[in-house]
Amino acid sequence: MTLEAPLDEIDRRIVLATQSGLPLEPQPYHAVARQVGISPEEVMARMRRMLETGMIRRIGAVPNHYALGYKANGMTVWDVPDEKVDELGERVGALDFVSHCYHRPRHLPDWPYNFFAMVHGHDRGEVEEQVRRIAELLGDADRGHEILYSTRILKKTGLRISG
């Protein structure tokens, strides 16, 4: 991924038109094209380029895990050796039950955790089984961990740019 120049005006209009999701209609890129004032082919080409350069991360459906029955959601926090975070992050992030993971700074002495991984389960027992699997994968690199369960959603959006 190579981040290039900032968005030009047309790219910016595409992002504004799609940042809350593609229009729910049979030809969503045609609708975006009408809104932006360019062809659907140019919309798709520009979005493909923005994906390739890292300006946007993905184009796809974002399921509502609560509506799908995943009521137990836990941010797992781990104390792992700093020099192993990238390698372990790749391995943990590849697990199908991990939606995202992060490297974060420790705040010693109160907060020893430097690696976070979000897991979703139908119940806490399922989340705890997933955590056991992560701990097994980490092996001796797991120097301690906790599960921080979600109790309610306070904000659920990505970055939004203003018009």
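Two strands count as paired if DSSP finds at least two bridges between them, and strands and helices here are DSSP runs numbered from the N terminus (E, at least two residues, for strands; H or I, at least four, for helices). Welcome to a predicted model, in which local features need pLDDT of at least 70 and side-chain atom pairs count only at pLDDT 80 or more, while totals for chains, interfaces and linings use all residues. Residues are numbered from 1 along each chain as its sequence is written, and side-chain values use heavy atoms, with hydrogens and water left out.

**View 1. Strand S3 and its partners.** Tryptophan 78 stands opposite phenylalanine 115 in S3. Strand S1 (residues 72-78) runs antiparallel to S3, with seven bridges joining them. S2 is also antiparallel to S3, through five bridges, and here histidine 103 has phenylalanine 115 as its bridge partner.

View 2. In H4 (residues 85-93), the buried residues are Val85, Leu88, Gly89 and Val92. Down the helix axis they fall within an arc of 105 degrees (taken from the directions from the axis to the C-beta atoms), so they line one face of H4. Asp86 and Glu90 are exposed on the face turned away from that buried side. The cover over the buried residues includes strand S2 (98-103), strand S3 (115-121) and helix H5 (124-138).

**View 3. Helices H1 and H2 crossing.** The axes of H1 (residues 9-18) and H2 (residues 28-36) come within 10 Å and cross at roughly 125 degrees (lines fitted to C-alpha atoms over the stretch in contact, with angles from 0 to 180 degrees between N-to-C directions). Ile10, Arg13, Ile14, Ala17 and Thr18 in H1 meet Val32, Gln35 and Val36 in H2 (contact means heavy atoms within 4.5 Å).

**View 4. Aspartate 79 in its loop.** Find aspartate 79 in the loop between S1 and H4. Its relative accessibility is 13%, so aspartate 79 counts as buried. Beyond neighbours within four places in sequence, the contacts of aspartate 79 include Arg106, Tyr113, Asn114 and Asp142.

Definitions and conventions: Buried < 20%, exposed > 50% of the residue type's maximum accessible area, 1.4 Å probe, protein only.
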